Amino acid sequence: MDSERSGRTEGTVARVASAVYAGAMSLLGIVFEPLQRLVGVRRMPWVFLLPNLLIFGLFILFPVFLNVYVSLTGGTELFPQDRPFVGAENYERLFTCDDFGDPNSCLEDRFWRSVRNTGVFVLFQVGGMVLVSLLTALVLNRNIRFRGFFRSVYFYPVLLSPVVVALIWKWILQRQGVLNGLLVNLGADPVAFLLDGRWAMTWVIVVSIWAHMGFYTLILLAGLQSIPAELYDAASIDGAGSYQSFRSVTLPLLMPTMMVVLILSLIRAVQTFDEVYVLTGGGPGTATMMIVQYIYQTGFATQVQRFGLAAAASVLLGLVLLVATLLQLRVGRGTEGHLA
Amino acid sequence: MSRLTAFLSRRRGRAGPDLTDWLTYAYLLVGVLVMFGPVLWLVLSSFKTQAGLVEFPPTLLPLSPVEVELEGYDEPLPLFEVRLEDGSTKRLAQVRRVGLEAQMVDPDDPGEIVRVPIADRTEVRALRLQVSNFTEPLRRFDFLTYLKNSVVVTVVATLITLVINSMAAFALSKYRFRGRNAVFLVILGTLMIPLSVVLVPVYLVITQIGWVNNLWGVIIPGAATPTGVFLLRQYMLTIPDELIDAARMDGASEWRIYWQVVLPLAAPAVAVLTIFSVMWRWNDFLWPLIVLTRSELFTLQVGLNAFQGELNVQWHYVLAMTVLTLLPITLVFSFLQRFITTGIASTGVKG
């Protein structure tokens, strides 16, 4: 009875949805059908491409070039026609450093601190996450009960917004938070996790792994499940133990997927901003300030908006991402279908 | 060591549970705790009173002191569990506290005052959900405005993305024309250009159009996603051209072929893109943060961040609003989880 009713409701919903769809599309057709008579069938593909290409051109392609130009201008005006051309001055400013190992000796010390923080973050976040994701994927790939449930458990935080993730952990990590409560119950002293530079960086990394590992676990799990079972049977007939079959079957066949995961997570980690910004605000001091935060603050969040400097820093960031993307394309050739 | 290696390897068909199985389930249970625990803690905390929130070390459940109203006293009195001199315990209400001594009365006999050392009494507390944490911010702050802005941005942006991306994908997969490969290559080439790399120039374009502090400024720039075009094109390539030729024979216009023949057949890919788009837009933070500076235009994420950044963080409201923010995504996920996880695993795309 109940299922019958819900089936009927579903049917109604589907009918209404398809009516709305047909109505909306016919409405748009009032524009597009006369166009076909105007330009002819042969040019219709361009008509179909037009809306996407317009937005794409205006907000992706054109800005890429504009960015390079803005990075070569100075002043605090927004519009390029009001900005004096200064050549490579912004880049020189970013690269004025007595000793590149010591951010304090640099003219833009905040930029180099953010570069160094991002480097540390990428190294440990990507490394830690690939390891944890691999271990989790291997566990989930075993013959376990409730696999669907456990897979969802690890995936759930991926869907949460960075702001929500940061607030959840800020609440846990604050001085009066539950983690310190547990520490005190165990007889230890409370720690100001977010007010100590090293602790803050550690937690920023842990929280980021927590939030994203589910996604990479899924990709690795798909990779594991695409390994044909016959290979394991063959290995065990040849007398391979479980460690041997892991080393000589699982690892080599999973390698392409591993590389994809490595590079995707690398590209993502280099651009980290939201979670860290809400969790620590880049602090204490500049201890967890990342490159994108530097760009955001230099261009948008200060009284003097130094767009040229922000653009120069983002051009450099773009170059780093370009290298990573080219790497991915080289690697991705062997694993098409996994990438987008 | 061999145990560990056995744990790392894949097994199928075996006798009863061995050590590696125990390790597997232990790992999974710890995983459940680590992944769900923080969210659960947030939800539990969001129901606590302000006094309960600053308590340290914190209690697991939202507990509040129990109070009783007694004849002869204007204010409700807090209840305490008291250990009496003869060793028995009794529930007494505290009238007032004087130094190290508390003056208490028996609720059944409110006339007589008992004096008790404060060390011998413990507060009686019971589970109470502070629902006003949720209702207050809805009344006093712009939470509903933020929610409305987020819904508008997510719905409108997703609709626009679906329509223009599928149109472009249709053109790139179902027509042969000069320049097709060039267009596709350019789109592919920008697949990995994130907004964070072009913040300044896109802001410039938005300012020129007059979209600063306008929801269109948030909606439009991300609408022409290369990812979406790529995803839909790859799927549409698998739709047989004969169907299109047949429709053309029947005199259907190109627009009709697009929406009545090709798009319905591409429904699985459209569904995956819908989920991605909703996720991207609902969770988007950096770009709305830059474009929107007037608080009545804030999306949920920006509003939530502004609220938690205030000098006097009102955690009881922040926590409740965080719970409300993660609720829609959680509900969608619990209904569509199998679909979402397989969809993402097969495409490998994420925002």
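Strands here are DSSP runs of E with at least two residues, helices are runs of H or I with at least four, and both are numbered from the N terminus; two strands count as paired if DSSP finds at least two bridges between them. Residues are numbered from 1 along each chain as its sequence is written, while chains are lettered from A and ligands numbered from 1 in the order in which they are written. Because the model is predicted, local features need pLDDT of at least 70 and side-chain atom pairs count only at pLDDT 80 or more, whereas totals for chains, interfaces and linings use all residues.

Taken as a whole, chain B holds 15 helices and eight strands. Its radius of gyration is 30 Å, well over the 20 Å that the globule rule gives for 351 residues, so chain B is more spread out than a compact globule. This radius is taken over C-alpha atoms, and the rule is 2.2 Å times the number of residues to the power 0.38. Along the principal axes, the C-alpha atoms of chain B fill a box of roughly 100 × 65 × 40 Å. Of its 351 residues, 39% count as buried, that is, with 20 or more other C-beta atoms, placed from the backbone, within 10 Å of their own.

Chain A has 13 helices and zero strands. With a radius of gyration of 26 Å, well over the 20 Å that the globule rule gives for 340 residues, chain A is likewise more spread out than a compact globule. The box filled by its C-alpha atoms is roughly 75 × 70 × 50 Å, and 40% of its 340 residues are buried. The mean pLDDT (the predictor's confidence in each residue, from 0 to 100) of chain A is 87, and 95% of its residues reach 70 or more. Over residues 334-340 of chain A, however, the pLDDT is below 50. Where pLDDT is low, the predicted coordinates should not be read in detail.

Finally, the two chains meet: 87 residues of chain B are in contact with 90 residues of chain A, a contact being two residues whose C-beta atoms, placed from the backbone, lie within 7 Å. Helix α15 (residues 315-347) of chain B gives the most to the chain B side, with 14 residues. By class, that side has 59 nonpolar, 22 polar and six charged residues, where Ala, Val, Leu, Ile, Met, Phe, Trp, Tyr, Cys and Pro count as nonpolar, Asp, Glu, Lys and Arg as charged, and the others, Gly among them, as polar.

Methods. Buried ≥ 20, exposed ≤ 12 C-beta atoms within 10 Å, placed from the backbone.
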